[in-house]
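Subject: Structure for your files

Hello,

Here is the structure we talked about. My notes on what turned up in it follow below.

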Amino acid sequence: MHVKFLEIEITGRCDCYCRHCYGNFPKPQELPKEKIKEIIGQLPPNYHIIFSGGEPLLHEDLIEIVRDAEEYFWITTNGHALSRKKLDTLSRYAILVFGLDGIGSVHDWYRGHQGSFRKVIDALEMTQDRPVEIITTLWKGMLDQIDDIIEIGAKYNAIVHFNPLVPVGRATSPEILLTREEKVWVYEKIKALQKSRGIITELYKVTEKDLEHGIDLYCKDRFSIGVNGDVRPCEFHQVRKFGNIFEKNFEEIVKRAQETNYYQARKSGFKDHIRLDAEDPFNYHTNICHKIPL
């Protein structure tokens, strides 16, 4: 079994109501620590594991689950539930990834939580002796704050990711979705910033070269386990699944998934499914990936 990235939604609990939430959180479900440890024990060496939710810091067993970690792992968080006590007991292998989607009230509105921006900054202050990252979705209300977010990243020595807004879950409102013109503008800006500021992005434009080589996907060997136990290609596939960890062994699910036409298409970068006349060349997620049967 070869899993390069595995994201586990360990809890559906969340104290935000984000306008871009792919999973329509909060939800009442939570994965038990025994099942999470079982899955981790089946992973090969040098795997990359991401704990998400919901809000993973709200899972009461998180500290125990990651206590014996011997490789770096990621926790995607809004930062609200981080305390000095929790941080001091959290494995040194944890890389905290804070969601920051604007400055001040812009971030608060997007996250559906008054005071959220202040809590993220407080969390960044608290974690200055830790490896941290910032992940920002590119939405309509924050385009003029890109440079400010980069400055915050520099101040706290955080790697900054700017990622496209995938139109699934709650992320379907014209209030937040970029127009074609805005996508073109931000694509050029982010491309320039990659060279000058070293930021990371998953924003991608499908072009003619992809017909031969395929899309340069970050998710070719990615799997996601939902809070209900569903094993999916990634977190953006909320209704499509390869199996469920409460019904079948995880290793068996992955092995069978790797034999599917979908998995092979993804490994090739979807090169046999690319259309240059697609309405939106910046959205291969729902225009290509989500249309291929599992």
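**Backbone and loops**

Asparagine 24 sits in the loop between E1 and H1; helices (H or I, at least four residues) and strands (E, at least two) are DSSP runs, numbered from the N terminus. Its phi is near 55°, a positive value in a residue other than glycine. This is a predicted model, in which local features need pLDDT of at least 70 and side-chain atom pairs count only at pLDDT 80 or more, while totals for chains, interfaces and linings use all residues. Residues are numbered from 1 along each chain as its sequence is written, and side-chain values use heavy atoms, with hydrogens and water left out.

The loop between E1 and helix H1 (33-41) also holds proline 26, which is joined to phenylalanine 25 by a cis peptide bond with omega of about 10°. A cis peptide bond also joins glycine 53 and glycine 54, with omega of about 25°. Glycine 54 belongs to the loop between E2 and helix H2 (62-65).

**Pocket**

The largest pocket has a volume of about 1100 Å³. A pocket, on a 1 Å grid over the protein atoms alone, is an open set of points with protein on both sides within 12 Å along at least five of seven lines; a cavity is a set where a 1.4 Å probe fits but cannot get out, and lining residues have an atom within 4 Å of a point. Volume is the space filled by probe spheres set on the points, which are joined across faces, edges and corners. Of the 41 residues lining the largest pocket, Glu7, Thr76, Ile135, Asn163 and Glu235 are the closest to its centre. Strands that each supply at least two lining residues include E1 (5-9), E3 (73-77), E5 (132-138) and E6 (159-164). The lining divides into 18 nonpolar, 14 polar and nine charged residues (Ala, Val, Leu, Ile, Met, Phe, Trp, Tyr, Cys and Pro count as nonpolar, Asp, Glu, Lys and Arg as charged, and the others, Gly among them, as polar).

**Cavity**

A search of the whole structure finds one cavity of 30 Å³ or more. The largest cavity contains about 60 Å³ of space. Among the residues lining this cavity are Cys219, Cys234, His237, Cys289 and His290. Helix H10 (261-267) and helix H11 (284-287) each give at least two residues to the lining, which divides into six nonpolar, three polar and one charged.

Regards
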